[in-house]
Amino acid sequence: MIYEKLTQYGPFPIRIIGGIAFILHGLPKLSNLPGTEDFFANMVGLPTMLALPVSLLEVIGGIALLVGFLTRIVSILFIIEMIGAIVVAKLPKGFVGGYELDLLLIAISISLILTGPGRLSIEWNILRRELFPRGKEMILQQEQNKPKIRS
């Protein structure tokens with residue numbers, strides 16, 4: 001019974017690590033936007049206009065993960081971004097020193113899509129509902145339907 005209650009806090013450390021990782025990768029891109037545009041255009045062949053949205057996604061999306069706001073939506077966007085990064089820039093480098101971190105961030109994002117933000121989040125504690133989809137209601141309904149064990 002205690003285990004079931006603790007699992008609702010499981011997404012918290014995953015959100016924190018994922019959020020920090022994305023913020024720390026997005027801040028250098030955002031603080032040196034001309035360099036990021038140059039990298040996108042000359043190193044990986046992407047349009048320079050993608051530099052700002054990618055940088056903002058990583059910083060703002062990372063903050064959203066940290067606080068537990070729009071967790072599932074942000075996670076979907078991160079998966080799309082990481083798949084793009086692997087295919088466009090990192091696949092030729094191989095796994096180690098190439099795309100291993102991107103795969104880890106994809107795994108974190110998939111985990112957050114499946115679990116939602118968890119109890120320690122803005123969605124759960126301040127908004128009192130999960131924005132997408134209604135994960136909190138499903139958890140509460142499951143708790144109500146479980147038989148009570150008396151000792």
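**Exercise 1. Identify the residues with the most contacts inside the largest nonpolar core, and the elements that supply it.**

Solution. The largest nonpolar core holds 15 residues. A nonpolar core is a set of buried Ala, Val, Leu, Ile, Met, Phe, Trp, Tyr and Cys residues joined through side-chain atoms within 4.5 Å. Buried means under 20% relative accessible area, exposed over 50%, partly exposed in between (1.4 Å probe, protein chains only). Those with the most contacts inside this core are Phe22, Leu65, Val74, Phe78, Met82, Leu105 and Ile106. Helix 2 (11–31), helix 4, helix 5 and helix 6 (95–115) each give two or more residues. Helices are DSSP runs (H or I, at least four residues), numbered from the N terminus.

This is a predicted model: local features need pLDDT of at least 70, side-chain atom pairs count only at pLDDT 80 or more, and totals for chains, interfaces and linings use all residues. Residues are numbered from 1 along each chain as its sequence is written, and side-chain values use heavy atoms, with hydrogens and water left out.

**Exercise 2. Find the salt bridges and place their partners.**

Solution. Apply the rule: a side-chain nitrogen of Lys or Arg within 4 Å of a carboxyl oxygen of Asp or Glu. The count is two.
- Lysine 29 pairs with glutamate 58, closest N and O atoms 2.9 Å apart. Lysine 29 is in helix 2 and glutamate 58 in helix 4, 29 residues apart. Glutamate 58 is buried, at 3% relative accessibility.
- Aspartate 102 pairs with lysine 90 at 3.0 Å, N to O. Aspartate 102 lies in helix 6 and lysine 90 in helix 5, so the pair ties together parts 12 residues apart in sequence. Aspartate 102 is buried at 2%; lysine 90 is partly exposed at 26%.
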